[in-house]
Amino acid sequence: PVENIIFSVLHAQMGVGNKILDYIVDTAEQKIEKAPPELIALRNDLTLAETHLAEAKEYKTAWEKLDGKQLKSLQGKYGRKKEKLERSNLSEETIWTLEMEIEAMEGEIGELALTRNNL
């Protein structure tokens with residue numbers, strides 16, 4: 001039913017504002033600056049590239065706060081389990097358990113490290 005629809009007035013106003021701004025910029029470029037189409041295309045490409053860069057920086061910062069901390073934590077746990085495994089007075093069951101935990105951590109650490117390297 002129509003009663004259950006929420007219309008976002010703010011987003012609508014922002015959309016209208018963006019369209020007006022785009023129109024003003026386009027008009028200024030074409031009629032006041034008389035900018036060639038190549039220059040306009042380059043400006044648009046630059047704006048798009050700046051947007052992508054800002055998004056990538058934001059993603060990297062968010063990743064470092066969440067997954068980066070998780071990676072550091074896993075690496076610390078991994079190192080401690082490896083050290084514990086090197087002790088000579090462990091039962092076979094403890095050794096087997098540690099090896100399984102280490103193996104599971106290696107996959108997760110590998111995935112997180114790969115993501116970090118691709119940032």
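Here is a short chat about charged pairs and a nonpolar patch in this predicted model.

Visitor: What should I know about the ground rules?

Guide: The model is predicted, so local features need pLDDT of at least 70 and side-chain atom pairs count only at pLDDT 80 or more, while totals for chains, interfaces and linings use all residues. Residues are numbered from 1 along each chain as its sequence is written, and side-chain values use heavy atoms, with hydrogens and water left out.

Visitor: What makes Glu29 and Arg43 a salt bridge?

Guide: The term asks for a side-chain nitrogen of Lys or Arg within 4 Å of a carboxyl oxygen of Asp or Glu. Here the N to O distance is 3.1 Å, so the pair qualifies. Glu29 sits in helix H1 (residues 9-32) and Arg43 in helix H2 (residues 37-85), 14 residues apart, so the pair links distant parts of the chain. Helices here are DSSP runs of H or I, at least four residues, numbered from the N terminus.

Visitor: Why is Glu29 called buried?

Guide: Buried means under 20% relative accessible area, exposed means over 50%, and partly exposed lies in between (1.4 Å probe, protein chains only). Glu29 has 7%, so it counts as buried. Arg43, at 30%, falls in the middle class, so it is partly exposed.

Visitor: Which residues join Arg43 in a network?

Guide: Start with Glu33, which forms a salt bridge with Arg43, the closest N and O atoms being 2.7 Å apart. That pair also links distant parts of the chain: Glu33 is in the loop between H1 and H2, Arg43 is in helix H2, and they are ten residues apart. Glu33 is partly exposed, at 45%.

Visitor: How do you know that Glu64 and Lys60 pair up too?

Guide: Their side chains meet at 4.0 Å, N to O, so they count as a salt bridge. They are four residues apart in helix H2, so about one helical turn separates them. Glu64 has 42% relative accessibility, so it is partly exposed, and so is Lys60, at 38%. As for the network, salt bridges that share partners join Glu29, Glu33 and Arg43. The whole structure holds four salt bridges.

Visitor: What makes Val16, Ile20, Tyr23 and Ile24 a nonpolar surface patch?

Guide: Patch members need over 30% relative accessible area and no salt bridge, with nonpolar side chains (Val, Leu, Ile, Met, Phe, Trp, Tyr) joined within 5 Å and like charges within 9 Å. Ile20, in helix H1, has 47%, so it passes the area cut-off. The patch covers about 430 Å², by the Shrake-Rupley method with a 1.4 Å probe.

Note on methods: Helix = DSSP H or I, 4+ residues; strand = E, 2+ residues; numbered from the N terminus.
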